[in-house]
Number of protein chains: 2
Amino acid sequence: MSAQPRLLEVRKNILKQNDIVARALRERFRAEGTFVVSLVSSPGAGKTAFLEKTLTLLRPHYRVAALVGDLATENDALRLARSHAPVKQITTGTLCHLEAAMVERALADWDTDTPEFLFIENVGNLVCPSSYDLGESLRLVLLSVTEGEDKPLKYPTIFNSADVAVITKIDLAEAVEFDEALAHANIQAVRPAMHCLTVSAKTGVGMPEYLRFLENRFADAFETSGPRI
Amino acid sequence: MSAQPRLLEVRKNILKQNDIVARALRERFRAEGTFVVSLVSSPGAGKTAFLEKTLTLLRPHYRVAALVGDLATENDALRLARSHAPVKQITTGTLCHLEAAMVERALADWDTDTPEFLFIENVGNLVCPSSYDLGESLRLVLLSVTEGEDKPLKYPTIFNSADVAVITKIDLAEAVEFDEALAHANIQAVRPAMHCLTVSAKTGVGMPEYLRFLENRFADAFETSGPRI
C-alpha cells in the first residue's frame, strides 16, 4: 500500500513525541515520590476488579490514586471509586490506547494529594498499548485463566514491554482447565526470567504476595524503610 | 499533538484504500458464491474454539475454509486444521487488525476449492478491527461470559460495526455469575435490535441455532433452497 511508508514516518514522530512527554512524567513522579504502576490486558481480563482490590488493600497504609482509560463510559471509575481512593476516568474516544500526554492532562487539573502509588489502567487491548510509554515505574500485563495459555506466544510484544505478568481469575482455573505450568512456560519463552504472580481478586488468593512485591519495589525506588502492611 | 492532523489524513487514505480492496473482494465472493463470515473479539473470547466447532459441523454439508489472523504463531491454524477444513494463517507482525489486502493476498496463492463458507478470524482486539472492511457478508462480534456484561458499552464501535453478537462460553455463566439479561440490555443499548446468539463451543449449546442462522443467511444470499443440515 503506497501510503504505508508515510504512515510509518508519522507514527515514529508520534512515538518520539510520546517518549518526550513520558520522560518528563517519569522525572516528575520520581521527584514527587510517586510510584506509578500501569496495567495492560485484553478487555475483560479483570484489570478493574484487581485494581479495586489493590486500592482497597493499600489505601489504609499508603496514599493511593488511579487513572483509568476507556473508549467510552465512566463505569470503571465508578467501580474503582468504591475503594474510596481518588480515581479519574480518561475517555479516549476511538483511540485504542493511552498516551503520555493524556496522563499529563489528567493530572494537570486533578485536585488530589500527591499519591505514593498511582495506578494507570490502560484501555483493554493486547496490541497497541505496548508502544506507548506512560512514564510508569512498573508495567503489569494481566492474563486471565479464561483467555488460554497461549496468549504470550500470540501477543509477544505486550509481554516484552511489560515488567511483570499477573495471572488473574485463578479461582476459575479448574472450570476452564487452565494449565498454569504451560502458561508459565509460554511467558518464559517470550520473556525469559519474567517475574510472574498469580492472583484472584475475587477470593484474595495471591494478593498478599502481590502487595508485598509492590511494597518492596516502592521501598527500593524511594529508599524508604520496610513494609507498612 | 502537532502530528495528529497529518496522521488522521494518512489514516483516511489507508481506510479509503482498504474500502476499495474490500469492495472488489465482496464482488468476487458474490460472483463465486462464497458467503464470508468474519469474527472479531477480545483475545481469549473463544473465537478459535467456536470456529473449530463451526467448521467441523458445517464441513459434511458445505465446502468450508478459514483464514485466521494473528500477530505471531501458527497455533490457531493448527487448531483449526483439526476440523479437516482448509485453513490458512495470516501473521500480521505488529499490526493489530486484518486489512482487506491481506485477505486478498492470502487468497491469491491458496490452492483450494472455492468455498461456500469462508470464515475470517480477525486478530483478537475489540478496537482496531472495527474500521477495516474485509469484504465479509456477515461480521460476528464475540463476547465471552468471562469478560463482563459491560463490554458493549465500553467498546461500542466494534458492536456497531458488527452484524451479530455471539455470547460465548455460556457453560461458564454460573461460575462467573454472568447476567445474561444485562448483557443483552447493554448490546441493545449500543445497537438496538442487534441479532444475538448464545453458545458454548465446549458443550455444543446453541450451536444448532447458530448453524441454522448461517444456513438461512447463505440461502438468502444465493437464493438456494432450504437447509442441508
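In sorting residues by type, Ala, Val, Leu, Ile, Met, Phe, Trp, Tyr, Cys and Pro count as nonpolar, Asp, Glu, Lys and Arg as charged, and the others, Gly among them, as polar. This is a predicted model, in which local features need pLDDT of at least 70 and side-chain atom pairs count only at pLDDT 80 or more, while totals for chains, interfaces and linings use all residues. Residues are numbered from 1 along each chain as its sequence is written, chains are lettered from A and ligands numbered from 1 in the order in which they are written, and side-chain values use heavy atoms, with hydrogens and water left out.

**Spaces in the model**

On a 1 Å grid over the protein atoms alone, a cavity is a set of points where a 1.4 Å probe fits but cannot get out, and a pocket is an open set with protein on both sides within 12 Å along at least five of seven lines; lining residues have an atom within 4 Å of a point. Grid points are joined across faces, edges and corners, and a volume is the space filled by probe spheres set on the points.

One cavity of 30 Å³ or more is counted. The residues lining the largest cavity come from both chains, including Pro43(A), Glu147(A), Pro43(B) and Glu147(B).

The second largest pocket has 43 lining residues, and those closest to its centre are Thr146(A), Gly46(B), Ala49(B), Arg79(B) and Lys169(B). Helices (H or I, at least four residues) and strands (E, at least two) are DSSP runs, numbered from the N terminus. Among the elements that each supply at least two residues to this pocket's lining are α5 and α7 of chain A and β2 of chain B; α2(B) gives the most, with seven residues.

| Space | Volume | Nonpolar | Polar | Charged |
|---|---|---|---|---|
| Largest cavity | about 40 Å³ | four residues | six residues | two residues |

Chain A has an open sheet of seven strands in the order β3-β2-β4-β1-β5-β6-β7, with parallel pairing. β3(A) and β7(A) stand at the edges with a single partner strand each, so one side of each has no neighbour in the sheet. From one strand to the next, the twist averages 20 degrees. Two strands pair if DSSP finds at least two bridges between them.

β6(A) and β7(A) pair in the parallel sense over four bridges, and Ala165(A) has Cys196(A) as its bridge partner in β7(A). β5(A) and β6(A) are joined by five bridges, also in the parallel sense; here Leu143(A) is partnered by Ile167(A).

Helix α2(A) lies across several strands, including β1 and β4 of chain A, and runs at about 170 degrees to β4(A). Axes are lines fitted to C-alpha atoms, for helices over the stretch in contact, and angles run from 0 to 180 degrees between N-to-C directions.

**A glycine in chain B**

Gly69(B) is found in strand β2 of chain B and, at 0% relative accessibility, counts as buried. Gly69(B) touches Gln89(B) and Leu98(B), among others, not counting residues up to four places away in sequence; contact means heavy atoms within 4.5 Å.

Notes. Buried means under 20% relative accessible area, exposed over 50%, partly exposed in between (1.4 Å probe, protein chains only).
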